[in-house]
Amino acid sequence: MTQTAPRPATSSRSAGAPVDGANAYVSGRLPRWAAPGLTAACLGGAITVMALLAAAGAIAEFSLVLAIAIGTIASIVLVTAISLMAEGRRAATNRFMIALVISAFVLALLPLVSVLSTVLVNGSARFDLEFFTWSMRSVIGEGGGALHAIVGTLQITAWATLISVPIGLFAAIYLVEYGRGPLARAITFFVDVMTGIPSIVAGLFAYALFVLIFGEGVRMGFAGSVALSVLMIPVVVRSSEEMLKLVPDELREAAYALGVPKWLTIAKVVLPTAAAGIITGITLAIARVIGETAPLLIVAGFTASMNYTVFSERMQSLPVFVYTQYANPGSDVEFYLERAWAGALTLIIIVMALNLIARLITRLFQPKAGR
């Protein structure tokens, strides 16, 4: 009787895996620290070389942005070349594309960080209690605040939202739920055209409209709200339309099968399901117009005094306040510029607060997943 020889013991490692202590370069795979380490080395080297050249007078001045750009390009080339030699073409291509994606992300983030840091540094000098409790009435030079501009911005934007949201939402409901034929195509065409309309044209339209009613020289906050609503409506229509299209048809059909009328299906099924996206779109529309300056300069004007009603007299807004403080400084320029930067910082904070509120409302109205 023959006896089979025992099989040799096999290792739990795969055949291609390197043994403990093996060189990662020999195994055909770069260590994890290779890419970030080489990137950090290239960035540090580029910054050091640029600083030495600036100190030696070889270049006009040190540019951190240029040094980071040179270091990033050098790191991409170096990591890709080493990966190509050690890991092969496929892994090198993968590392190259990952580096490009990360570089594009950082490049897109740099302007945002630069704007926020610049506004924060320059606007913090006048970001005090006086700035939020005083207007510019009878103020020349130091002091004063932007209370009248903050109140004006909130009122003008609120009225613009009250005008735009019902019109835009009902137009979107018509296009998705009812609209068929030439009328729907015409509405879609004009919404697309209005999306790209210049803001100054909206201001001229509102001015021409109110001149017909009140006569020449009319200036009031409500006219600014009408001008901003012209810019808001197409954004609300387009965003709400896309959100309504995402509601599954099965939900509508289930409601119709139970004998629910179409209008009630839209009110109780479609709109609650799409509420999160619709609110987000409305917030984007508000953020789109809250910083507009040109239409408000034409129809709302500017003033240094408080005005709590949008239906009479001129009304100041934060964008116009920033513009007037920067464009028309007095003898003490620094005080005007400090107020302009503080107004810009306030405007950014208002937009951020609106986005946070929208996220909170979105979470509250988001449909709960069933078990």
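Reader: Quick one on E241: buried or exposed?
Author: E241 counts as buried, at 6% relative accessibility. Buried means under 20% relative accessible area, exposed over 50%, and partly exposed in between, using a 1.4 Å probe and protein chains only. This is a predicted model, where local features need pLDDT of at least 70, side-chain atom pairs count only at pLDDT 80 or more, and totals for chains, interfaces and linings use all residues. Residues are numbered from 1 along each chain as its sequence is written, and side-chain values use heavy atoms, with hydrogens and water left out.

Reader: Which residue forms a salt bridge with E241?
Author: K245 does, with the closest N and O atoms 3.4 Å apart. A salt bridge here is a side-chain nitrogen of Lys or Arg within 4 Å of a carboxyl oxygen of Asp or Glu.

Reader: How many residues apart are K245 and E241 in helix α8?
Author: Four, so about one helical turn separates K245 and E241. Helices are DSSP runs of H or I, at least four residues, numbered from the N terminus.

Reader: Which residues do salt bridges join into one network there?
Author: D192, R238, E241 and K245, through salt bridges that share partners.

Reader: How many salt bridges does the structure hold?
Author: Eight. One of them pairs R252 with E177, at 2.8 Å from N to O. That pair links distant parts of the chain: R252 sits in helix α9 (residues 249-257), E177 in helix α5 (residues 147-178), 75 residues apart.

Reader: R252 first. Buried or exposed?
Author: R252 counts as buried, at 8% relative accessibility. E177 is buried too, at 7%.

Reader: And what does R95 meet in a salt bridge?
Author: The side chain of E87, again 2.8 Å from N to O. R95 is partly exposed, with a relative accessible area of 22%.

Reader: Back to α8. How many residues does it have?
Author: Helix α8 (residues 221-245) has 25. Its first and last C-alpha atoms are 36 Å apart, close to the 36 Å expected. The expected span is 1.5 Å times one less than the number of residues.

Reader: Where does α8 bend?
Author: At L231, by about 30°, and a proline, P234, follows within four residues. The bend is the angle between axes fitted to the seven residues ending at a residue and the seven starting there.

Reader: Is α8 mostly covered or exposed?
Author: Mostly covered: 20 of its 25 residues are buried.

Reader: Switching to α2. Which of its residues are buried?
Author: A67, G71, S75, I76, V79, T80 and S83. Their cover includes α1 (34-56) and α3.

Reader: What follows α2?
Author: G88, whose phi is positive, near 105°.

Reader: Which residues make the nonpolar surface patch?
Author: I98, I102, F105, V106, L107, L109, L110, L112, V113 and L116 make a patch of about 900 Å². Patch residues have over 30% relative accessible area and no salt bridge; like charges are joined within 9 Å, nonpolar side chains (Val, Leu, Ile, Met, Phe, Trp, Tyr) within 5 Å. Areas come from the Shrake-Rupley method with a 1.4 Å probe, and for residues only the protein chains shown count as cover. L116 lies in helix α3 (residues 89-123) and is partly exposed, at 36%.

Reader: Last one: what is A342 in contact with?
Author: G123, R126, F127 and F131, leaving aside neighbours within four places in sequence. Contact means heavy atoms within 4.5 Å. A342 is found in helix α13 (residues 333-365) and is buried, with a relative accessible area of 0%.

Key: Helices (H or I, at least four residues) and strands (E, at least two) are DSSP runs, numbered from the N terminus.
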